[in-house]
Amino acid sequence: MAAIFAYKCRKCDELHEGSPSFAFDAPAPYRYLSEQEREEWAELGDDLCVITHPEGTQYYVRALLEVPIHGVEEPFLWGVWVSASETSFQRYLDSYNKLPEDLIFFGWLSNLIAVYPTQKSRPADVHIQTDGTRPRVRLHRSGDESDALVIDQHEGISIARAQQLAEQALHGIQA
Ligand SMILES: [Zn+2]
């Protein structure tokens, strides 16, 4: 397996090295809030986000969604946020001190990835890691799955597709 993924970008002509990695600094619902709502309702850190709406509290956890690249050791990485129930959120917080027996919680993917457009919400299992790294997201796959992101995560992608996705994510979908 090649350790390092590198390609000469067709859009900017530069050599991009290392497996592609893109991250969102906040869950989408946070971005939709006004400046004032953020101040009044939201707490956003590097790994956690809590939005205390008048109607109820929403919990989000920063996680990693890995898409394997065939023949390359390091996966394509999406730094995404997932929702968590209050119970799951507390379990995740507690895991900083002591690993829980159940390392998996349910969450909804809470970012829109432009190169993987969808109209649907994406359910996932979120796996708390025993080595202290960010939790890993495993998207649910249905029997007749048509969501390209789900298929890519479960089946992996070619180096050519990884390059194409990275170019689009870096420089915009439009050529
Ligand atoms: Zn480029």
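This is a predicted model: local features need pLDDT of at least 70, side-chain atom pairs count only at pLDDT 80 or more; totals for chains, interfaces and linings use all residues.
Visitor: What does helix H5 reach from its first C-alpha to its last, and what is expected?
Guide: Helix H5, residues 159–171, has 13 residues and reaches 18 Å, and this is close to the 18 Å expected at 1.5 Å a residue. The residue that follows H5 is Gly172, with a positive phi near 95°.

Visitor: Why is Asp13 called exposed?
Guide: Asp13 has 7 other C-beta atoms within 10 Å, and the word applies at 12 or fewer, so Asp13 is exposed. This residue lies in the loop between E1 and E2.

Visitor: What is the phi of Asp13?
Guide: Its phi is near 70°, a positive value in a residue other than glycine. Most residues other than glycine have a negative phi.

Visitor: How do you know that E5 and E6 pair?
Guide: Strands pair if at least two bridges are found between them, and E5 and E6 have six bridges, in the antiparallel sense, so the two strands meet the requirement. One of the bridges sets Thr52 against its partner Thr57 in E6, and a hairpin of two residues joins E5 to E6.

Visitor: How many bridges join E6 to E7?
Guide: Nine bridges join these strands, which run antiparallel, and the partner of Ala63 in E7 is Val80.

Visitor: Which residues in the largest nonpolar core touch the most other members?
Guide: Among its 21 residues, these are Val61, Ala63, Val80, Val82, Ala84 and Val137. The elements that give two or more residues to this core are strand E5 (48–53), strand E6 (56–67), strand E7 (76–84), helix H3 (86–95) and strand E9 (123–127). Apart from this core lies another, of nine residues, including Ile69, Val72, Ile157 and Leu165.

Visitor: Which residues does Ala84 touch, and what makes two residues count as in contact?
Guide: Leaving aside residues up to four places away in sequence, Ala84 touches Tyr59, Tyr60, Val61, Phe89, Tyr92, Phe105 and Gly107. Two residues are in contact if their C-beta atoms lie within 7 Å, so each of these residues meets that cut-off with Ala84.

Key. Residues are numbered from 1 along each chain as its sequence is written. A nonpolar core is a set of buried Ala, Val, Leu, Ile, Met, Phe, Trp, Tyr and Cys residues joined through C-beta atoms within 7 Å. A residue is buried if 20 or more other C-beta atoms lie within 10 Å of its own, exposed if 12 or fewer, and partly exposed in between; C-beta atoms are placed from the backbone. Helices (H or I, at least four residues) and strands (E, at least two) are DSSP runs, numbered from the N terminus. The expected span of a helix is 1.5 Å times one less than its number of residues.
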